[in-house]
Amino acid sequence: MSDQKNEKEGRTQHGLSRKQIILMLWQALKDAGISGIEFEGPEIAVYVSNPKYILENEKIVSNLAKTIRKRIVVRSKKRLSPEEARKFILQVIPREAGVTPEDIQFDDVLGEAKVLVQYPDKIGMNLRRLQNLVLGETGWRIQIIKKPLLKSEILERIIGHYLEKPKERRKALRSIGERVFRDMIIGTRHVRVIGFGSFGEVGRSAILVDTGESKILLDAGASPSGSGPDAYPMFHAPEFRVEDLDAVVVTHAHLDHVGMLPLLFKYGYRGPVYMTEPTRDIAILVLKDYIELMRREGRDPPYTLKDVETMLNYTITVPYNTVTDVAPDTKLTFSNAGHILGSAVAHLHIGQGLYNILYTGDIKYYRIKGDKSTRLLPPAAYQFHRIEAIIIESTYGATETQSREEAEKELIEMVNKIYKRGGKLLVPVMAVGRGQEILAVLNRAYKEGKIPPVKIYVDGMVYEVTAIYTAYMNLLAKPIREAIERGENPFISDITIYVRDSDKRQEAIYSSEPAIILATSGMMQGGPILEYFKALAEDPKNALVFVSYQAPGTLGRRIVEGEREIMFEENGVLKPVRVKLEVKRIEGFTGHATRSELLMYLRHLRPKPRTIILNHGEYPALTSLGLAIKRSWERLGYKTPPEILIPENLESIRLYPRYYKKNISLLYH
Ligand SMILES: [Zn+2]
Ligand SMILES: [Zn+2]
């Protein structure tokens, strides 16, 4: 009843209309000299002429935020010039903290300044106090960021982009704000989920959540093996209209989750894209690389850099465990997914608690017991307020993979073996995730004397992404973070060689010394790995080691499955390459939860979702995992059997309201 009443009066789901919210803010903060209230992205920005008043009356703002249940930021209309503000900031931060004038960058749209600090613990003052002091004196809100260990061009370029185009960014934020904080039109009527990709397959993740009031797209990925429209999610479906989308939520920066984001902008989407900050940084890098790679291979990329830039203007970064309004009836919370840096499980709270969906994206979940010093990220979060349905990945749902410990041992043995026979060890890695994991493992093995001082060539984007990893060290697992704090670099040492040009690539291939070569792409669908492979495949002294999932149809999968003659086109002529090098699979490094980890995750998950939807897996993996859940629901902590669904792409699953079904529906394909 109350819902219906709210709808009639055009209220938001919290019972307050926009007008009421604005009125409350005006009244409560009038002494601060309000000059404007703007809906900027997911936040309400209050512009004041007297920021000191706000600092002295912090409670008023936090109470207001609680009452209206929205994020409020106070911005100062009066700000010192960047030069004056920079001077002040350098005065209050002690010299030992290692901040240079270039380390302070100003974002005029948000009234924020980013301060890169080498030694944040040397600031000698509570961060909040420092922030308040600077805001009160200069009008700028500062953000303290630890300087990355490695220089990252992409981070500098992203900050540069926002600084250069403040008008576009402001326009984007305002239009997003207007849409998020619009009053409800028809209210939450139902909850439907439709997969446009990643159901019954690994790749092109794209899932629509439709509530009647709003439409939210979870991920917009590309398929690793498909080409042309087969690589895209099924955006041709009648349920999908770019102009109806309220928001896009992105779980992590792998191509199968972000690859087609810019395509939405090419088709005219001008709404928000929510992701964590590291996901944004890595995504920009990955998407640029995707375009360049296609061009180099003579293929037409589906979008251009301009579309990537437009996307950047509409990107809103959200930290873990922060509730954000993404539509009038939907709130989003990201939590750590443990899969790659910045990866998140997305929790959607729909219609004032009517329904809650947890979408895992890709997850890694492991026990914290034992030596975990080479694990880069903590395992996925598993405790939530409410969950009615979970959409969970099932990449390794069919068979148990070896343990991480065994995998490390095997890799180290392999390095020693190749070293002794004077060969080259070729490891195709994804630039994001596996690349850093393998670097960390090899680096540690070298320091502990477990492998000889063999040169490690790192080719492709791996190095740039590693720089981004070191920029977000607070998100890394404790042992790695502690190593960085001690001044060590867990990824790079004196045997690591960064391959930037073809000279170095030639050295890696033709030098007489043994070597390890890490190169992209991870499934051998392009990238520098192919050049190495063609040159090294016919010598049995060498070896090719796969350390991650290989999708059907990719060159990696074909070699794993035994293909021993690969045809490559060179100047219009097909030439065979015979695979004589040793081929090996070491699966224990996977960034995905193994079968037992998936079951353990469901066992630990609180509370228990009534509906379990399996996706992101090939059918044998999906059905095998589904059957395992069906057989062991009691052991997983359920009192009654959960509903297990294995939908196909384009199937519409109605989650709310629905009749309670006693039997388990488990579909077979
Ligand atoms: Zn992934
Ligand atoms: Zn994935």
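**Close-up 1. Glutamate 464 sits in helix α15, residues 462–471.** The model is predicted. Glutamate 464 has 21 C-beta neighbours inside 10 Å, so this residue counts as buried. Leaving aside neighbours within four places in sequence, glutamate 464 is in contact with Ser152, Glu153, Ile154 and Leu285. Tyrosine 498 lies 34 residues from glutamate 464 in sequence. In space, the two are 10.0 Å apart, C-alpha to C-alpha.

**Close-up 2. Strands β4, β5 and β6 form an open sheet, in that order.** The pairing in this sheet of 3 strands is mixed. Its edge strands are β4 (104–107) and β6 (141–146), and each pairs on one side only. Direction ignored, neighbouring strands are turned by 20° against each other on average. β4 pairs with β5 (residues 112–117) in the antiparallel sense, over 4 bridges. Aspartate 107 has glutamate 112, in β5, as its bridge partner. Helix α5 (residues 82–92) lies across β4, β5 and β6. This helix runs at about 140° to β4.

**Close-up 3. Helix α20 spans residues 595–604 and has buried residues.** These are Arg595, Glu597, Leu598, Tyr601 and Leu602. They cover an arc of only 170° around the axis, so they lie on the same side of α20. Among the elements covering them are β17 (389–393) and α21 (619–631).

**Close-up 4. The protein chain is assigned domains 1, 2, 3 and 4.** The assignment gives domain 1 as 2–76 and domain 2 as 84–147. Domain 3 is made of 186–399 + 592–656, and domain 4 covers 404–589. The C-alpha centres of domain 1 and domain 3 are 32 Å apart.

Key: Residues are numbered from 1 along each chain as its sequence is written. Chains are lettered from A and ligands numbered from 1 in the order in which they are written. This is a predicted model: local features need pLDDT of at least 70, side-chain atom pairs count only at pLDDT 80 or more; totals for chains, interfaces and linings use all residues. A residue is buried if 20 or more other C-beta atoms lie within 10 Å of its own, exposed if 12 or fewer, and partly exposed in between; C-beta atoms are placed from the backbone. Helices (H or I, at least four residues) and strands (E, at least two) are DSSP runs, numbered from the N terminus. The arc is that of the directions from the helix axis to the C-beta atoms. Two residues are in contact if their C-beta atoms, placed from the backbone, lie within 7 Å. Domain bounds come from an automatic or database domain assignment. Two strands pair if DSSP finds at least two bridges between them. Axes are lines fitted to C-alpha atoms, for helices over the stretch in contact, and angles run from 0 to 180 degrees between N-to-C directions.
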